Amino acid sequence: MTRLSISAELSRRTWLAGAMALSLPGALQAQGKTLLRVSTPAVAEDWHARMWTVLKDHLERLAPGRFEVQIHLAGSLFKQGTEPVAMARGNLELASISAFDIAKLVPQFSLFTAGYVIRDPDHLMKVFNGPVGAELFKLVSEKMELTVLSPLYLGTRQLNLREPRKVMTPADLKGLKLRMPGSKEWLFLGEALGATPTPLGFGEVYLGLKTGTIDAQDNPLPTVKSAKFYEVTKQITLTSHLVDGLFICVPNKLWDRLSPEHRRALQDAAQAAARYNNEQRIADEQGLIAFLKAQGLTVSTPDLDAFRQSVQAAYLKSDYAKVWPSGLLERVNATR
Ligand code: KDO
């Protein structure tokens, strides 16, 4: 190497080292700011995507200039379901994690993946904002190193079919390729409903319905609207099989580093975001049947007792129920 190229190489290395030292979290830290990267599979129009802007604005008001919130939507930063790993590796600071993803590491949590356990959004929030929530969140902290800042209501899951079909009981779903997110806990729910569950990421559902690789999907009505599934399906069957929640989480490593004042600010901001999401989703769910009918979809109601009994029986005799702490289901049922 000539002297010139040696010095060029040295300055390249110095630049690289500098650039690495000034990686985004480092650079922000130097300014006294903490980076909060958010990743969600939700599309921009969805309330639980918009709620992150509520969190960001709220946090900026409570702790001006202290946090840098970066919001990544539609699975553009991390794929659905990979958020807990990204958080453990220090690559992600905020996400709304499903009961299904929590249940992989905290099996007791699978109680909330079971159909027809949580009755409605109010029941969901009371369970998780009360003693049951506190006990389970302690396990989440121990086993996943995540702090739950707030539960939120994702919505009540309904069946959404590509072609019209008479659906009264689980037997009517026999052979139906029902798309579920890709984990065994989700696939079990599809099976318990009587269908043939097919794993697929959220981002591929629209195309799957359009091309016919799947016959149906299940999601709350606000998601059917925001992800435009109504464009590629003909029927909604109101099974209301899962009152679904998500949990806004932050890694313990980050949480433990914050001052009590900044912890309070972040928790307040997360709760404000969850409240905003819940209010909008609940209002939306009530009005969406008319919207979906106006789009040409048939909306039917099945025999709910038949679905409830069959799904509950499937869970109670499954291995999932074996790890539910004794008395937990009764305590959840008794929560008013
Ligand atoms: C879905 O993939 O069906 C699901 O509803 C599962 C939820 O846990 C959650 O990941 C949600 O998608 C996304 O946030 C997109 O709405």
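Which helices and which strand each supply at least two residues of the lining of the second largest pocket? In this predicted model, they are helix 2 (24–30), strand 1 (34–39), helix 4 (83–88) and helix 11 (252–257).

- The lining is made up of 19 residues, and G90, E93, K253, L254 and R257 lie nearest the centre.
- Helix 11 gives the largest share of this lining, with 4 residues.
- Sorted by class, the lining of the second largest pocket holds 9 nonpolar, 6 charged and 4 polar residues.

**The largest pocket**
- The largest pocket has a volume of about 710 Å³.
- Its lining counts 36 residues, with P41, Q80, G81, R179 and F202 nearest the centre.
- Two or more lining residues come from each of strand 3 (95–98), strand 4 (146–161) and strand 8 (235–251).
- Strand 3 provides the largest share of the lining of the largest pocket, 3 residues.

**A look at H48**
- You will find H48 in helix 3, which spans residues 47–62.
- Beyond its neighbours within four places in sequence, H48 is in contact with T40, A42, L154, L246, N277 and R281.

Technical notes
Residues numbered from 1 in each chain as written. Predicted model: local features only at pLDDT ≥ 70, side-chain atom pairs only at ≥ 80, totals over all residues. Heavy atoms only, no water. Contact = heavy atoms within 4.5 Å. 1 Å grid on protein atoms, 1.4 Å probe; cavity = no way out; pocket = protein on both sides within 12 Å on 5 of 7 lines; lining within 4 Å. Points joined across faces, edges and corners; volume = space filled by probe spheres on them. Nonpolar A, V, L, I, M, F, W, Y, C, P; charged D, E, K, R; others polar.
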